[in-house]
Amino acid sequence: QAKACGRNTYRFHDPAVQAAWTARAELEGAMRRALRHGEFVLHYQPQLDRSSRVIGAEALLRWRLPDGRLLYPAEFIGAAEESGLIIEIGRWVLRTACAELAHWQRHPDMAGLTLSVNVSANQFTEADFVPMLQGIFEETGVQPASLKLELTESLVVSDFTQTARTMALLKQRGISFSLDDFGTGYSSLAYLRKLPLDQLKIDQSFMRDVLTDQNDASIVRSIIALGDSLGLQVIAEGVETPGQRQFLSDAGCFIYQGFLYQHALSAEHFTQYARSAH
Ligand code: C2E
Ligand code: MG
Ligand code: MG
Ligand code: MG
């Protein structure tokens, strides 16, 4: 129970709660500063087909602190969601990703690559999400047909009607959709069939022990079969070993993302990698 002590100041009876609250407030302040000072960066993790050709990338958010340390989403995305800052950060992510994609589209040898961008539920259900994105397309001159938005099952389940409507609108603009971390949530087959999805992304938690755990192996095979029968592309994330990759291709999955190939790279390094790995 917090007691107000003047403007924006609260005291908690429990020092641990007080400390956690202060830490969270500091993190929020630091994220606002990060937005203003350009401390966020996107890295790009390659996605490859069965001939190990680069077909695209996933944009992954990082935070470069003034002292040079690089923070990963696990350390701040939760706080960004809870504070509502994810809306502004997410807008920055989309603008930056679209500008980069527009840049690729001007290089003959990168023009065909797709770029996947993670979109959080709060962001996707914002009333002005579609016009905001439209504005970014005009501003960056990107061809939206090679933009893919990664949504999560929890978003789809939490507000099916609104989500389906927004997806349909964006679909008309040529955008495609991937269901991220697939298999960890609660989406029903009925949802999958009714949404204009293009891709299922097998969650990396199933990949970890896929060669030794019969249950994980069965789940991965089922997701691939499900994707095939619904006409959806299936991509596996968290592919770390040649054995996992072999398992996937034996099971009929031919698009891969993971440390076996590359970690997420800076825009410059991704460009070098994609242009040399043709
Ligand atoms: P995700 O979308 O499922 O992204 C995949 C995560 O797996 C990334 O972690 C990636 O670096 C990591 N990864 C890739 N290959 C491998 C591998 O072979 N092995 C293992 N163990 N991990 C691998 P990262 O970059 O730390 O991102 C974590 C999560 O943060 C993402 O999970 C996504 O949910 C969220 N996220 C990242 N960028 C954004 C963003 O721009 N906006 C939003 N809303 N969320 C983001
Ligand atoms: Mg993702
Ligand atoms: Mg994922
Ligand atoms: Mg994940």
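## Basis

In this predicted model, local features need pLDDT of at least 70 and side-chain atom pairs count only at pLDDT 80 or more, while totals for chains, interfaces and linings use all residues. Residues are numbered from 1 along each chain as its sequence is written, chains are lettered from A and ligands numbered from 1 in the order in which they are written, and side-chain values use heavy atoms, without hydrogens and water.

## Shell of ligand 1

Around ligand 1 there are 21 residues (a heavy atom within 4 Å), of which Arg-62, Asp-180, Gln-204, Glu-240 and Phe-259 come nearest. By class, eight are nonpolar, six polar and seven charged. Strand S4 (54–64), a DSSP run of at least two E residues, gives the largest share, four residues.

A nitrogen atom of ligand 1 is 3.0 Å from a side-chain N or O atom of Gln-45, and a nitrogen atom is 3.1 Å from a polar backbone atom of Leu-61. An oxygen atom of the ligand lies 2.8 Å from a backbone N or O atom of Phe-259.

Asp-181 in strand S8 and Glu-237 in strand S10 (residues 233–237) are 56 residues apart and link distant parts of the chain.

Asp-180 also bridges to the magnesium ion (ligand 2), and the two ions lie 4.0 Å apart.

Note on methods
A polar contact is a pair of N or O atoms within 3.5 Å; within protein, one must be able to donate a hydrogen and the other to accept it, and residues adjacent in sequence count only if both atoms are side-chain atoms. Ala, Val, Leu, Ile, Met, Phe, Trp, Tyr, Cys and Pro count as nonpolar, Asp, Glu, Lys and Arg as charged, and the others, Gly among them, as polar. Donors are N, O and S atoms within 2.8 Å of the metal (3.2 Å for Na, K and Ca); water is not among the atoms, so sites may look incomplete.
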